[in-house]
Amino acid sequence: MMAPSEAEVARARAAVIEAGRIAMGHFRRPHESWHKGPGQIVTEADLAVDRFLKAELCRADEGWLSEETADDRCRLTTRDVWIVDPIDGTRSFAEGVAEFTISAALVREGEPVLGLVLNPATEELFEAVRGRGATRNGVPMRASRAASLDEAHIVASRFESRRRNFAALIPTAALSGLGSLAYKLALVAAGRYDGYLSWRRTHDWDIAGAMVLLAEAGAVIGDAGGAPIRLNRPDPVHPGVLAAGAALFPRLLAATAGANAAYRADRRARGLPD
C-alpha cells in the first residue's frame, strides 16, 4: 500500500483550508438553505464547497464520493477515491453554531491513507497520513488511554443520546453532545473525549476523514456492533459508529452491544433499514 506523497498531502491540505474560507464566507451571514429529505438540510455553502473540492482534489483517474454529488459508480474501479463531506454538521452551520467541519479522505485500494478534518470556525485542522501519525494544528495527538467506563467522557449526538437513552447504558460515564460527526471523531482522536457512540445509519463521507485520524492516534473505530468499517462499497452506509481509545473500545462495545442488537432487530421486524 503506497502512502500519499508529500505533494499529494500538501495539495489536499491547501484545498481543505481554502474550502474552509469559502464556508466561512457564508457562516453567520444570510444564505439559502433547503431540505433535500426529511431532516436533511443543505445550504448553498455545501454546494459551493463541494464544487471547489471536487475541482481541486479529484483528477481524471480518481473516483469521487461526496454527500452533495450524485454517486458515480466508476469510483468502484479506480485505485484512488476521494471521499468528502463538504460541510459535516450542516444544521449547526445553518444555525450559526461553530460545530461543523469539512472532511476529506483519500482512499487507496480500499484503505484510507490520508484524512483531513477542518473546523474553520474554531481554526482546528486535524490531519493524518497512514503510518505517519496524526496532528491537530501541526501538533502530534494521541487518543485517550482510559481503560474503564468509570468517569470516561463519551461524546454523542445530543438528540440521539436523549432518544436512545445512552446515559442508562453507560451510567458511570459522562455524556456530552456536539454537532458534526467528523468533529466528534476528530476530538476522540485528539483525546478530548474518550469515546463516541451512535446507532444512526452513517455514510462513508461522515467518517472517512476521521478514520485515518483515529487509527494514527491509537484509537479504534467500528460500526455500532463492533464490526470493522469498509469504505467505498457499492452502498456506502454503516449501521452506526463506535470509536474509542484501544483500551476502552471493547468495554464501550460490551456495554452497548446488547441494546444495539435489540434496536436493530426491532427495525428489521418493522421493515426498516438496518
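**View 1. Residue classes in the lining of the second largest pocket.** In this predicted model, the lining of the second largest pocket comprises 10 nonpolar residues, four charged residues and one polar residue. The pocket has a volume of about 310 Å³.

**View 2. Residues and elements around the second largest pocket.** Of the 15 residues that line the second largest pocket, Glu111, Pro112, Met211, Ala215 and Ile229 lie nearest its centre. Two or more lining residues are given by each of the elements β6 (111-119), α7 (204-216) and β13 (219-222). Helix α7 supplies four residues, the largest share of this lining.

**View 3. Arg28 in the loop between α1 and β1.** The loop that holds Arg28 runs between α1 (6-24) and β1 (33-37). Most residues other than glycine have a negative phi. Arg28 is not a glycine, yet its phi is positive, at about 60°. Is the residue buried or exposed? Arg28 has a relative accessible area of 59% and is therefore classed as exposed, because that term applies to values over 50%.

**View 4. Asn232 in the loop between β13 and β14.** Asn232 is placed in the loop that lies between β13 and β14 (237-245). Its phi is near 60°, a positive value in a residue other than glycine. The relative accessible area of Asn232 is 14%, so this residue counts as buried; the term buried means under 20%.

Conventions:
Residues are numbered from 1 along each chain as its sequence is written. This is a predicted model: local features need pLDDT of at least 70, side-chain atom pairs count only at pLDDT 80 or more; totals for chains, interfaces and linings use all residues. Side-chain values use heavy atoms; hydrogens and water are left out. On a 1 Å grid over the protein atoms alone, a cavity is a set of points where a 1.4 Å probe fits but cannot get out, and a pocket is an open set with protein on both sides within 12 Å along at least five of seven lines; lining residues have an atom within 4 Å of a point. Grid points are joined across faces, edges and corners, and a volume is the space filled by probe spheres set on the points. Ala, Val, Leu, Ile, Met, Phe, Trp, Tyr, Cys and Pro count as nonpolar, Asp, Glu, Lys and Arg as charged, and the others, Gly among them, as polar. Buried means under 20% relative accessible area, exposed over 50%, partly exposed in between (1.4 Å probe, protein chains only).
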